[in-house]
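Hi there,

Here is the structure I promised to pass along.

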Amino acid sequence: MMQKQQHAISGFTLTEMLVTLLLLSMTLLCIGGGVVVAKNSYDTISRKSEAQLLLSTTILSVTEELRNATNIQERTVEHNTVISFFQQQRGYQMYFRNTTSSGKKDNIYIAPVGNSGQLPLINEKVSSDSLYPQIENMTYENGIFSCTISIFYYEEPFLTQVINVRPLNETNT
C-alpha cells in the first residue's frame, strides 16, 4: 500500500489574508482621518494667528495716524460723511476709507481730501487673500476718535475691536 506523504505547506490561508487586509485598511482609514483633523486644526489656528497679527498691525497704523491728527473736520465726500484730519507727516488733509479692488473689499486706504489718489494703510505683505481689514463707525467727540476695526475672512467678520484715540495736538474747526 502506498502511503500518502503529507507535506507541511507554510503560508497563510485566504481567510487570514482577508482579515489582515481588513485590519490594515481600518488602521489606514483611522490614520487618514486623524491627518485631516490635524490639518483642519492647523488651518484654523493659522488663520486666527494671521487675523490677530493683521488686527494688531491695523490698530497700530490707525492709532499712529490719528495720534498726530490736527484740523479735525466732519465733511461729506462722495455722498458719505467722513472725519477728515490734517496729518503733519503726510502734509495733507486726509480720511480713511474702505476700498474695493477687483470688486471685493481688500484694505483700508488713506484718501487725501480733494484728490482722487489713495494709499493703502496696510502693506499687502501683512494682509492675505482671504483676510482683510475694514474701519467703520468713525466718530470724533469730546476730543477723542472712536472707531471699529474689523478683520474679515471671506466677507465674514472674523475679529473686531473698538479703539479710542486722543490726538496729541488736537485742533477742531
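**An exposed loop residue, and what else turned up**

N142 is exposed, with a relative accessible area of 73% (exposed means over 50% relative accessible area, buried under 20%, and partly exposed in between, with a 1.4 Å probe and protein chains only). This residue sits in the loop between β6 and β7 (144-153), and its phi is positive, about 55°, although it is not a glycine. Y154 also has a positive phi without being a glycine, here about 45°. Its place is the loop between β7 and β8 (156-165), and Y154 is exposed at 54% relative accessible area.

Before the rest, a word on the ground rules. The model is predicted, so local features need pLDDT of at least 70 and side-chain atom pairs count only at pLDDT 80 or more, while totals for chains, interfaces and linings use all residues. Residues are numbered from 1 along each chain as its sequence is written, and side-chain values use heavy atoms, with hydrogens and water left out.

**Overall layout**

The protein chain has one helix and eight strands (DSSP runs numbered from the N terminus: H or I of at least four residues for helices, E of at least two for strands). Along the sequence the pattern reads α-β-β-β-β-β-β-β-β. Of the 173 residues in the chain, 32% are buried.

**Salt bridges**

You will find two salt bridges (a side-chain nitrogen of Lys or Arg within 4 Å of a carboxyl oxygen of Asp or Glu). One joins the side chains of K39 and D43, at 2.7 Å from N to O. These two are four residues apart in helix α1 (residues 14-67), which means they are separated by about one helical turn. D43 is partly exposed, at 28% relative accessibility.

The other pairs E65 with R90, at 2.7 Å from N to O. Because E65 lies in helix α1 and R90 in the loop between β2 (80-87) and β3 (92-101), the pair ties together parts that are 25 residues apart in sequence. E65 is buried at 7% relative accessible area, whereas R90 is partly exposed at 31%.

**A nonpolar patch**

L24, L28, I31 and V35 form a nonpolar surface patch with about 400 Å² of accessible area together. Patch members have over 30% relative accessible area and no salt bridge; like charges are joined within 9 Å, and nonpolar side chains (Val, Leu, Ile, Met, Phe, Trp, Tyr) within 5 Å. Areas are Shrake-Rupley values with a 1.4 Å probe, and for residues only the protein chains shown count as cover. L28 belongs to helix α1 and is exposed, at 54% relative accessibility.

**The largest pocket**

The largest pocket has a volume of about 290 Å³. A pocket here is an open set of points on a 1 Å grid over the protein atoms alone, where a 1.4 Å probe fits, with protein on both sides within 12 Å along at least five of seven lines; lining residues have an atom within 4 Å of a point. Points are joined across faces, edges and corners, and the volume is the space filled by probe spheres set on them.

The lining has 14 residues, of which T81, V82, Y95, F96 and R97 lie nearest the centre. The elements giving two or more residues to this lining are β2, β3 and β6 (131-141).

Best wishes
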